[in-house]
Amino acid sequence: MRIAGAPISWGVCEVPGWGHQLDRDRVLGEMRGAGLSATELGPDGFLPGDAAELAAALADHELACVGGFVPVVLHDPGHDPAPDAAAPLDALVAAGAGVVVFAAATGAVGYDARPDLDDAQWSTLLANLDRLADLAAARGLVAVLHPHVGTMVETRADVDRVLAGSAIPLCLDTGHLLIGGTDPLELAKAVPHRIAHTHLKDVDATLAARVRSGELTYTDAVRAGMYTPLGTGDVDIAGIVSVLRDNGFDGWYVLEQDTILDGEPAGEGPVRDVRASVDYLRTVTT
């Protein structure tokens, strides 16, 4: 089983003003110390842009790069997303990654609101997904689409529209799916052949329901602890892993517990929850 980490579990996020951003070497060192063998790249600037410096930073911590999260505007017929994806694709190729994780960005900052799309905008989004997947494939990368709260693909209806109208595989993000109203276990059972990458999150379903109802913003729910160590929330992580493995999934399991830090943490900080998740995941895969 290939288990990777992501900088967002240490509060490192692409959203301006998200919270305190930890030092790169601390994050990478704690990843390796927690037993992770690879990482996603994290936001632009977190890891070096120069290929040699990037390779050295990863090698220093004995980590591989599995992929990277790339939000791009896909629904605007007057906007070509290919140039926006070019630099991230270059970085992923330079890092030796295998996956690019696209999200259908709204064009606004953050993930607390999103507009509705008309049919023409949906057609543009779906066509752009397939076009970006082809561009990634030409670079030796597998492109996946990440259903994500506060993007244009959030709800189960959105996911179904992508499945029906595009050939792109999915990143099964167990947390964002649940928050957006999709049972990730049911989706894994329904379309295992469309899942090429995973982000494993556990979620407090009560806080997730408050996000869906509009009572809480996504950011405030994250700050309140909506994401929990694997095995302590309301997502059936064991069931999802079992379904994926039974259907021949051989991709990466990326541990993600989005967090917001108010400052330099006292004591262990975020790595405590990461270690708990790694330990839990090992118990359900042995």
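1. **Cover over helix α5.** This is a predicted model. The buried residues of α5 are covered by elements that include α4 (119-138), β6 (170-173), α6 (174-179) and α7 (184-190). The residues under that cover are Asp-158, Val-159, Val-162 and Leu-163, in a helix that runs over residues 156-165. Down the axis of α5, these buried residues fall within an arc of 135°, so they line one face of the helix. An α-helix has 3.6 residues a turn, so residues three or four places apart point the same way. The face of α5 turned away from the buried side carries Ala-157 and Ala-164, both exposed.

2. **Val-162, in helix α5.** Val-162 belongs to α5. Its relative accessibility is 0%, so Val-162 counts as buried. Beyond its neighbours within four places in sequence, Val-162 is in contact with Trp-122, Leu-126, Leu-129, Val-153, Ile-168, Leu-170 and Arg-194. Cys-65 is elsewhere: 97 residues from Val-162 in sequence and 27 Å from it in space, C-alpha to C-alpha.

3. **Leu-54, in helix α2.** Helix α2 covers residues 51-60 and holds Leu-54. Is Leu-54 buried or exposed? Leu-54 is buried, because its relative accessibility is 2% and the cut-off for buried is under 20%. With neighbours within four places in sequence set aside, its contacts are Leu-41, Leu-47, Pro-48, Ala-91 and Ala-95. Leu-216 is 162 residues from Leu-54 along the chain, and their C-alpha atoms are 38 Å apart.

4. **Glu-62, a backbone point to check by eye.** Glu-62 sits in the loop between α2 and β3. Its phi is near 55°, a positive value in a residue other than glycine. Most residues other than glycine have a negative phi. Glu-62 is exposed, at 57% relative accessible area.

5. **The largest pocket.** Its volume is about 760 Å³. The lining holds 39 residues. Which of them lie nearest the centre of the pocket? They are Gly-42, Pro-43, Asp-44, Phe-69 and Val-70. β3 (64-73) and α3 (82-95) each supply at least two lining residues. Helix α3 gives the most, with six.

6. **His-75, between β3 and α3.** His-75 lies in the loop that joins these two elements. It is buried, with a relative accessible area of 8%. Not counting residues up to four places away in sequence, His-75 touches Ala-105, Thr-106, Leu-117, Gln-121, Thr-124, Leu-125 and Met-152.

7. **Tyr-111, a buried loop residue.** Tyr-111 is in the loop between β4 (99-105) and α4. At 11% relative accessibility, Tyr-111 counts as buried. Its contacts, leaving aside neighbours within four places in sequence, are Glu-14, Val-15, Phe-69, Pro-71, His-148, Val-149, Gly-150, Thr-151 and Tyr-218. Of these, Val-149 is 38 residues away in sequence, with 6.3 Å between the C-alpha atoms. Phe-69 is also among the residues nearest the centre of the largest pocket.

8. **Aromatic pairs.** How many aromatic pairs are there? The count comes to two. One joins Tyr-218 and Tyr-227: it is edge-to-face, with 6.4 Å centre to centre and 70° between the planes. Tyr-218 is buried, at 2% relative accessible area. Tyr-227 is buried as well, at 7% relative accessibility. The other pair is Phe-249 with Tyr-253. Their ring centres are 5.2 Å apart and their planes are at 75°, so this pair too is edge-to-face. Both Phe-249 and Tyr-253 are buried.

9. **A charge over Tyr-227.** Tyr-227 has a further partner. The charged end of Lys-201 sits over its ring, 5.7 Å from the ring centre. The ring of Tyr-227 also pairs with that of Tyr-218, and Tyr-218 is in turn a contact of Tyr-111.

Key
Residues numbered from 1 in each chain as written. Predicted model: local features only at pLDDT ≥ 70, side-chain atom pairs only at ≥ 80, totals over all residues. Heavy atoms only, no water. Buried < 20%, exposed > 50% of the residue type's maximum accessible area, 1.4 Å probe, protein only. Helix = DSSP H or I, 4+ residues; strand = E, 2+ residues; numbered from the N terminus. Arc of directions from axis to C-beta. Contact = heavy atoms within 4.5 Å. Phe/Tyr/Trp six-rings, centres within 6.5 Å; stacked < 30°, edge-to-face > 60°. Lys NZ or Arg CZ within 6 Å of the ring centre and 35° of its normal. 1 Å grid on protein atoms, 1.4 Å probe; cavity = no way out; pocket = protein on both sides within 12 Å on 5 of 7 lines; lining within 4 Å. Points joined across faces, edges and corners; volume = space filled by probe spheres on them.
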